[in-house]
Amino acid sequence: MGVLLYWILCLATQAPTPQDLFQQGRYAEAAAMLERGDSSRGSRYLLGLCYQQMGELGKAETVLAALVAKEPKWAPGHYALGRVLFVEGKFPEALRATGEAERLGEPVARTRHLVGSIEEERGNWAAALAAYDAAIKAAPTVSEAHSGRASVLFKLTRLAEARSAAAEALRLTPKNEEAARILRQASAAQPAADGLVTDVAFERRELEFVLEHSPTAEKHVVSTMAGGLAVFDFDNDGLLDLFFTNGAELPSLKKTGPKYWNRLYKNMGGLRFVDVTAEAGLAGEGFSIGAAAADFDGDGWTDLFVAGAGKNLLYRNERGKFTLSPRGIRDEKFAAGGAWLDYDLDGRLDLFVVNYLDWTPAFSKRCGERLRVYCHPREFMPTANRLYRNLGDGTFADGSAAAGISGHMGKAMSAAVADVDGDGRPDIFVANDALPNFFFKNAGGKFVESALAAGAAYNDMGKPISSMGSDMRDYDNDGRPDLIFTALVGETFPLFRNTAAGFRDVTYPSGVGALTVRRSGWGVALADLNNDGWKDLVTANSHVTDTIELTRSEKYKEPNMVLLNAGGKFRMGSELTPAAAYRGLAVADLDGDGKLDIVTSALGEHAVIWKNVSTGSGHWLEVKAPIGSRVRAGNQWQEVTAGGSYGSGSFVPAHFGLGAATEADVEIVMPSGARKALGVVKASR
């Protein structure tokens, strides 16, 4: 008995093997042991899996690539390499490795499922569906292949088939969370019927302004974030003017010459613009990123806030000349934009400042394994946004803490304002980069962060994504402002419908998901570009990383995109070419012809006006109203805002397309809640 007890104690105290540690989820410890161990096939294979689980994808790829080079006929090695390449976004290489694994005898059910996942991520729905079907044929009882099939069918809005496939996946494995999620979404989705839609056309007109973003070998993250703009009538002549933010030298963050000046262009009529920066006093300081225009002092002249890295600027418009004054607005390490709103309903416009990262030029970490790249947001600490209360005497006080804003740390890239719940108070959506979004519900001058409860914190898979530009407007004409925000390739541009009880993700049922899954976006606007009475979607597109094409099968420069709204369902309208690293975007009728034009900025390139030259557009009307107003024309509603998009807070009239109608009953709900009935207004004015 004593000898037996001795051996039991010895076995119990034996050190765990790498396999034991891997099964326990102790991947770093397992990897450390394997790095010191032998170079056998099994050890190298397990080391690659450990690196993958740790998120060290470059190391995993290196180990597994070396393994298959040494053991070229071992199918599991090729399959594992294919999985890592897929997660890295190297889709063609992943398909080749998976195909080789299948040729060497890896079970077809596994390889076809991985091929389905790769093709689904690429947006190749037919190829993905065929691969999942092949996986199911090879192994009908594998639940994951059925849920993969359900996912593709849902994205194709084949909802009945999606529900059936998800139900089968759950029958096979009741704990299949992906299948349960798809079944819930497909059961709740009510896709709009396709309708007739008028096509749009745009004529590209280059401006003299060039966005200087100062790219360097050090990859300062601020360099890829430049480009906000604003459209507003600075001189009260009835024509909308253009303001562009501009960068600065790096790492000094100094505007060392005129090429770095922010620029103001006066609209002379006929889409002719003249640079009046020097006369207006808007050359600026520091590395500017975003802008937001509004008449904060109520004197009838539109003022301007400019956000930037290390320097925020608030300008008071004194009859077309701008005077710079701190007025209680502090500088931030990395402010990306702003939004104006009267959050406490005292009749004065307050300022919400969008803060991105805790960054300074002293940050020198090298990111990227083989090639230096802009560091991911996870490398930086989050920051709090800031809310300034307008004191009414031309100065502001920081009300962030008292209003419930400062306690929430994020990585904000934009803020959109609207009265989401119809209680007469403006709410704030904040798009956070790779963190849960914020939704600040206005509870009477104090905000409650309720994004999770409202359904806007995550995408439809319950994950935070690279949320960037945002807009809140009523895309389905039910009288409630909905939510759209841009993101990076593979994440779609999520569209959330306001149901009165919260937001519901309708990205795929609306058609937006399939059209945007292979795009990366920045500026965004919901606006009626063909005047048919339904707000279309326009986005400024580009990846963040200028070297992305050297490491992944993705594009850096992209064309902008217009999606047309056909009764609540979107289809491709047109691409605005050529491709570029587009950033800021605003929409306004710049030439007074009743059709909305588009303005964009692009890193290192000229800003562009995309003149709307569409034929067959419907009638229209525009209504001027204070920021914070809600305007109704017939059954359509517009929010009058000065925020949203990406760094592009414009102040322009509320625009309504009327289709064939020649008049509409118009009403303005003022920020105070008072209603101003304009009666029946004739179209085209």
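Is helix H6 mostly covered or mostly uncovered, and how many of its 14 residues are buried? The points below take up this question and some other features of the model, which is a predicted one.

1. Helix H6 is mostly covered, with eleven of its 14 residues buried. The buried residues are Ala75, Gly77, His78, Tyr79, Ala80, Leu81, Gly82, Val84, Leu85, Phe86 and Glu88. They pack against four named helices: H4 (41-54), H5 (57-70), H7 (91-103) and H8 (108-122).

2. On geometry, H6 covers residues 75-88. From its first C-alpha to its last it reaches 20 Å, close to the 20 Å expected at 1.5 Å a residue. Just after the helix, Gly89 has a positive phi of about 85°.

3. Tyr27 belongs to helix H3, which runs over residues 27-36. Leaving aside neighbours within four places in sequence, Tyr27 is in contact with Phe22, Cys50, Gln53 and Met54. The C-alpha atoms of Tyr27 and Leu46 are separated by 9.8 Å, and these two residues lie 19 residues apart along the chain.

4. The largest nonpolar core has 62 residues, and Leu242, Phe352 and Leu590 are those with the most contacts inside it. Strand E16 (residues 412-418) gives the largest share of this core, namely four residues. A second, separate core has 30 residues, among them Phe305, Leu351, Ala664 and Val666.

5. With neighbours within four places in sequence left aside, the contacts of Leu590 are Val231, Leu240, Leu242, Asn267, Leu271, Phe273, Asp597, Val599 and Ile609. One of these, Leu242, is also listed with Leu590 among the residues with the most contacts inside the largest core.

6. The second largest pocket holds about 910 Å³ of space. It is lined by 39 residues, of which Asp295, Thr302, Ala625, Pro626 and Phe651 are the closest to its centre. Sorted by class, the lining of this pocket has 15 nonpolar, 14 polar and ten charged residues.

7. To return to the opening question: H6 is mostly covered, and the residues that are buried in it include His78 and Glu88. The packing partners of the buried residues include helix H4 and helix H8.

Key
Residues are numbered from 1 along each chain as its sequence is written. This is a predicted model: local features need pLDDT of at least 70, side-chain atom pairs count only at pLDDT 80 or more; totals for chains, interfaces and linings use all residues. Side-chain values use heavy atoms; hydrogens and water are left out. On a 1 Å grid over the protein atoms alone, a cavity is a set of points where a 1.4 Å probe fits but cannot get out, and a pocket is an open set with protein on both sides within 12 Å along at least five of seven lines; lining residues have an atom within 4 Å of a point. Grid points are joined across faces, edges and corners, and a volume is the space filled by probe spheres set on the points. Ala, Val, Leu, Ile, Met, Phe, Trp, Tyr, Cys and Pro count as nonpolar, Asp, Glu, Lys and Arg as charged, and the others, Gly among them, as polar. A nonpolar core is a set of buried Ala, Val, Leu, Ile, Met, Phe, Trp, Tyr and Cys residues joined through side-chain atoms within 4.5 Å. Buried means under 20% relative accessible area, exposed over 50%, partly exposed in between (1.4 Å probe, protein chains only). Helices (H or I, at least four residues) and strands (E, at least two) are DSSP runs, numbered from the N terminus. Contact means heavy atoms within 4.5 Å. The expected span of a helix is 1.5 Å times one less than its number of residues.
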